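Here is a short tour of a two-chain model, with an eye on how its parts meet. Have the sequence at hand as you read.

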Amino acid sequence: MEIYAYLRENGSIGIRNRVLVLPAVACVNHVAEMIARNIEGVVGLRHEVGCAQLGDDYRQSLRTLFGSALNPNVGAVLVIGLGCERVDPEQLAHEIAQQKVPVECMKVQDVGGTTQAIAKGMSIAAEMANTLSLQKREKTSLERIVVGVECGGSDFTSSLSSNPAVGYAVDQIWKSGGRIIISETTELIGAEKVLEQRCKTPEVAEKLWQKTRQMIEHSKHYTRDDIDGVSVPNNISPGNVKGGLTTIEEKSLGAVSKGGYLCPIIDVVDYAQPISAESGLYIMDSPGYDPESMTGMVAGGCTVVLFTTGLGTPLGNPIAPVIKITGNRRVATVMKDDIDIDVSGVIEDEVPLEQAGTDIFDVLCHIINGKRTRSEVLRYWDVGIMRIGPRL
Amino acid sequence: MKKAVIINQADNVSTVLDNVDAGEKISCKGLAHEIIVDSRQNIPLGHKIAIKDIPKGRPVVKYGFDVGFAKYDIKQGEHVHVHNVGSLQTEG
């Protein structure tokens, strides 16, 4: 299938051309949202960072905001500041401008509070949206695409159908020259021995082990087995065992099968860190918590997300369209307004997994070319930014 | 006939899509092949049935990956689960 996208200055391709209203701090979320919700082609990134943070936690949050603004799906940015926050909105806007992204900045304390800020912001955002609407898609290829993979609300159908089917689609993306990001470190625990065989270098494999061990240590610090009933590292719950999962490797590999079978693992990156240009799979350190893992991958450059769900979750992302895939026929029927692809045929009708993978790949290409996803038209703008430090 | 799914051609187990009684014939299907297996035990929905013999110490293969090792000799048709499988992660 031919691919048409917005060609960006730095060689990346956007599959949407959005105006992003970016609050520099949580205090102006409402202003940003009121601007964004009322204008076509504009999205808002509501978050809870930007102030009262320290050190690496502050830097990681700032990196996530910056990376979000630079996502290839964003054609223009309006930074909304308050005026007294830790993040310097003008500095942020300046750095965005240095990357050749059209940007403006406005501080609520300067322009006269909420109502004035909303009015002025709407004027700016509407002008930007108007200008962006002139921009045309151009013929390009999947070589420049970055796809994120995610799972949430998993059940037994996830490992039997949706995750392995996405895995086949992911290998196809890689063979076409594209890049894929997988995250959710929690669900890599137990899969390291298998994954390390696909790592490009021993250093990459070592980073993978480091991230999973770090997550285990961090969890141990906060849980007490006798109260929380969670035993790490063998975190198979009684419910998992009852449902048929035998080992932690099986559980994690059932989830990680969505990362493909053949594509090499090029690197393991920190949360919201940009990935490099080499084709293949990237592992991003993140919690299993969906809003945060998706936001991290989008800040790292992914412009579309393949999201498997068994029980049904409606989550979306303001910047990257999220494609919902389920292998649970009941959910595909009952929650049809939230589901993009139904692969329950793998379980119910003996549809081969590779066929389901090809179907997913085809729908992905349509969505890249402009077809909207369910969570996109329903305007789900879920954001989360991983925290690694205290709130002051 | 009740069904089971083989995810990858290299797998030596199949996940049953229904509660299976001992003695039932199960149609285990992958992309290009089907194996009819006689179930030797009761196997709950979502659990695994061995589609080949798995000798003690050998890997249990699912999704094309090693997901554990056989703690005892496992015969084709047996329930494959925590009673006869060890974790490579914690015990291997």
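## The interface by area

About 2,500 Å² is buried between chain A and chain B, with carbon and sulfur atoms giving 61% of it; buried area here is the accessible area (1.4 Å probe) that two parts lose on being put together, summed over both. Leu160(A), Thr246(A) and Glu350(A) supply 21% of what chain A buries against chain B, more than any other three residues.

A word on the ground rules: this is a predicted model, where local features need pLDDT of at least 70 and side-chain atom pairs count only at pLDDT 80 or more, while totals for chains, interfaces and linings use all residues. Residues are numbered from 1 along each chain as its sequence is written, chains are lettered from A and ligands numbered from 1 in the order in which they are written, and side-chain values use heavy atoms, with hydrogens and water left out.

## Who touches whom

In contact terms (heavy atoms within 4.5 Å), 34 residues of chain A meet 27 residues of chain B.

The rule finds 4 salt bridges across the interface of chain A and chain B, a salt bridge being a side-chain nitrogen of Lys or Arg within 4 Å of a carboxyl oxygen of Asp or Glu. Glu350(A) forms a salt bridge with Lys3(B), their closest N and O atoms lying 3.2 Å apart. On the side of chain A that touches chain B, the residues divide into 16 nonpolar, 8 polar and 10 charged, with Ala, Val, Leu, Ile, Met, Phe, Trp, Tyr, Cys and Pro counted as nonpolar, Asp, Glu, Lys and Arg as charged, and the others, Gly among them, as polar.
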